[in-house]
Amino acid sequence: MASFIRFKVNYFTRLGQELYVSGSSEPLGDWDETKATKLTYCDNGDWETLIQFPSSINKVDYKYFVMDTNGEKIWESGSNRTFNLNDLNSNYIHEFRDTYQSPTSAENTYLNSSFFREVLFGRENPTQYSLIKQTQADKVIIHFQVKATYVPPNHSIYIVGSNTQLGNWRTDRAVKLSDENYPVWKVDLEFSKDQLPFSYKYIIADKIKSVVHWEYGNDRWFTASTIHASEYSSTTNEDRDFFFNDGEFKDSQLLRSAGVAVPIFSLRSKQGLGIGEFNDLHQLIDWSHQSGLHMIQILPINDTTVYYTWRDSYPYSSVSVYALHPIYIHIDSISKDPKILAQVNEHRDKLNKLTTVDYEAVMNLKTKLLREIYSQEKKSLDSNKEFLQFVKDSEDWIRAYALYSVLRDTYKSGDFNEWPVYSKITNEDIEKESKPNSKYYDDMRYYYFVQFHLHNQLLAASKYASSKRIGLKGDLPIGVNRVSVDAWVSPHLFRMNMSTGAPPDAFADDGQNWGFPTYNWEVMKKDGYAWWRSRLGQMSKYFHAFRIDHILGFFRIWEIPTTCVTGLLGKFNPSLPLWRSELQNNGLWDIDRLTQPYIRYHTLRELFGEYADSVSTKFLVEYSSNCFNMKPEFATERLIEKNLKDEDAMYKSGLFKLVQNVSLLADPEDENRFYPRIEITKTSNFNELSDDIKTILHRLYISYYYERQEELWAQIALQRLPLIKGCTKMLVCGEDLGMVPKCVEPVLNDLGILGLRIQRMPSDSNKDFYHPNEYSYLTVNTTSSHDMSTLRGWWEEDRARSQVFYNKILGMFGDAPYFCEPYVSEAVITQHLHSQSMISIFPIQDWFGISSEYGNRDPKEEKINEPSNPMHYWRYRMHINLETLVNDHDFSKNIQRLILSSNRNLD
């Protein structure tokens, strides 16, 4: 027998918009938008339609979408709605009263993450949901459901209202909802018709209902009449049951928590081997738990091995976006062989006594030990079901990674362009070399073995963190190494003739050139961004939240030709250029004058002084009196770096400035496109133009960098970032520092992506500092980052700024102390904790700063990275053992006191 379902939803449209319902069955168009059913507008935002479903249909999924006036279809957010016709009595009308799922609501953005739904508020022993079918004509069945993530453990959602069934507003008689489908809470209730209509609300309460939290806003109402169906619909049956999808629990509570940021390599423990390891996370989790912290943020942990030297310590230059770095493995956990353990103990004391990481010593030792362990274990691997399953589950990436690693080891270089074999690789090649008869097979299995144990150790730490209500926050680098497995296997996904970087900012006066190829987004789009979906899927095995390094790159990337070393000669991609016709229409005809290095003799005197003549002879060609061009072998920064002799190294900086001395950059892919050089007013190319030309050019410069791009960049981000969010349940956080477009904050807010706030780096150039009370909720705030000096280090670097900060931001009188005393560090951290930011995460060095015992190290030794130096050695180690921290209950209580006083505790 056929069933009638009335779909009813409340949504306030703009003039001309229409509302449709579409779904997985023929009556709903089988998800074909052109066959969707249009709803009829009733009153006060209500839309409805009645649809008949044949008895042959069982489970149905459906959703609503808005048809805009331009024909664009705007789908509601959230999961598909579902019902099963087998659960419904066909003798009755079934009215679905739905709440339109807003794409910007908390439940459909940041609360829809594993950090909230699994780590902080994961449910144990859920209450079973019981469906009640409509059977009596004098009764009305209402199926209530509401979505609520933010429900503390040992608390539940209850419903209370204005009739006896709902307790007559007495909370002690409120009815508990089932959390079987958490975060959706359900209960079915039967009402006699004399109890209609009624008002009601949802509450959060503990088991004995002694602690009650009411949802805010007006009461919810059930106002259906019981008039005969002939006056209500085209059917002849007046009896109905109702499915109330009440949307979200209306809550004004904003959860705020705190955490710690520390690289894995910086952890120090008695069981370590000269570097932090995945197993060390267990003790860090214990310390965080007893201190009231709920998030641990780390740096990237993927394999970076290219050079076999300390240069591989750079964690953002991965050779695989999947493979974990072997340096983080804990040897003792994978071998009980006395000879292996004797070697570990032989080196442990020496390596653990070092102030910093000796990357090469640790890596060489662990590689040697892992090879020995593999030799002992490899015969048993074919009977290890867990190992075989791991390899099978990982085959999409691990075979290519293993083959790459074997060839890298064979030829002692990660640069596949230099290999005599397989400098270019195909899937067929990888398949062939993965077979047991391949000469590479045994060595490839070694890498399977290492990754298997790394996976198990990190996964165990992740699960342990979750059991303590602590989320692990990973780091998603903006790029991959130019000679990575990913670039080797899928070069079509990257623009290999370009590099990723950043324009000049507080980190680097000449900008930054990270050397990573930029992404070929148009190609990636063709397969639905499969590489991104796979990459994030891998991360989500271990992490509950992640930081998108340089999230501005998803709006636009600072793209630099591979002929450059610094970041000054870059442009934004995508961006609206200055067209040749636009330049000509503005009276700029001499394009060569603006795009070629402007080198005059007086320029040489300014840069090189008494060596100007020597420079002009060695590196330049004089094409007119006192006018020069660079010699071809020194025409770019890269050529200068390559061809400059050691005895001429003193000229390098000046020669760079010569090739950088342009006003416009020509597009190498389109002769009609041009881009203003960043910081154009610092060049003599610009400053020695006539005043009228300078005025025109500066106006175009402002237009390019600050006006014409905003709409384009917002559109680009709204194409890319929803994809990032849509393929993972991790909480998404963005590092939005530097030259931040105006469109960034509203786009991130709409998508529920958290921005980053660092007090010393306000996006408003007119401010010296942020004050934490300015921060909005959808932000992560911190005192420092790995690219900056610690709080104590910064305090000593710039006395004038720290004095202003001391008086104006901290509100303290008199002279600032010379050193950042513990009371100063505590005051700064306290301000951050009292802000509205969702999460306050502080580097462990800054947590140490609130302690007179732990905050006594030279702060210069605590800086992790120097962004302006591409050859920086990443080797910072904590000076305190984790065992000491865990046993120092006074220190933990001091942190816990700050957490409690700022209401960032979750208990």
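Mentor: The model is predicted. Take helix H4, residues 359–377, and helix H8, residues 441–467, whose axes come within 10 Å and cross at roughly 105 degrees. An angle of 65 to 115 degrees counts as roughly perpendicular, and H4 and H8 are therefore roughly perpendicular to each other. On the H4 side, the contact is made by Thr 367, Leu 370, Arg 371, Ile 373, Tyr 374 and Glu 377. H8 contributes Asp 442, Asp 443, Arg 445, Tyr 446, Tyr 447, Phe 449 and Val 450. By class, the residues of this contact divide into 7 nonpolar, 1 polar and 5 charged.

For comparison, consider helix H24, residues 822–833, and helix H27, residues 889–901. These pack at an angle of about 40 degrees, with their axes 9 Å apart. That angle makes H24 oblique to H27. Here Glu 826, Ile 829, Thr 830 and Leu 833 of H24 meet Asn 894, Arg 897, Leu 898 and Ile 899 of H27. The contact of H24 with H27 has 4 nonpolar, 2 polar and 2 charged residues.

Strand E6, residues 59–67, runs antiparallel to E8 and is joined to E8 by 4 bridges. Within that pairing, Asp 61 has Thr 82 of E8 as its bridge partner. Thr 82 lies on the uncovered face of E8, together with Asn 84, while Arg 81 and Phe 83 form the covered face. In a regular strand, side chains alternate between the two faces of the sheet.

Terms used. Residues numbered from 1 in each chain as written. Predicted model: local features only at pLDDT ≥ 70, side-chain atom pairs only at ≥ 80, totals over all residues. Heavy atoms only, no water. Axes fitted to C-alpha atoms, helices over the stretch in contact; angles between N-to-C directions. Helix = DSSP H or I, 4+ residues; strand = E, 2+ residues; numbered from the N terminus. Parallel < 35°, antiparallel > 145°, perpendicular 65-115°, else oblique. Contact = heavy atoms within 4.5 Å. Nonpolar A, V, L, I, M, F, W, Y, C, P; charged D, E, K, R; others polar. Buried < 20%, exposed > 50% of the residue type's maximum accessible area, 1.4 Å probe, protein only. Pairing = 2+ DSSP bridges.
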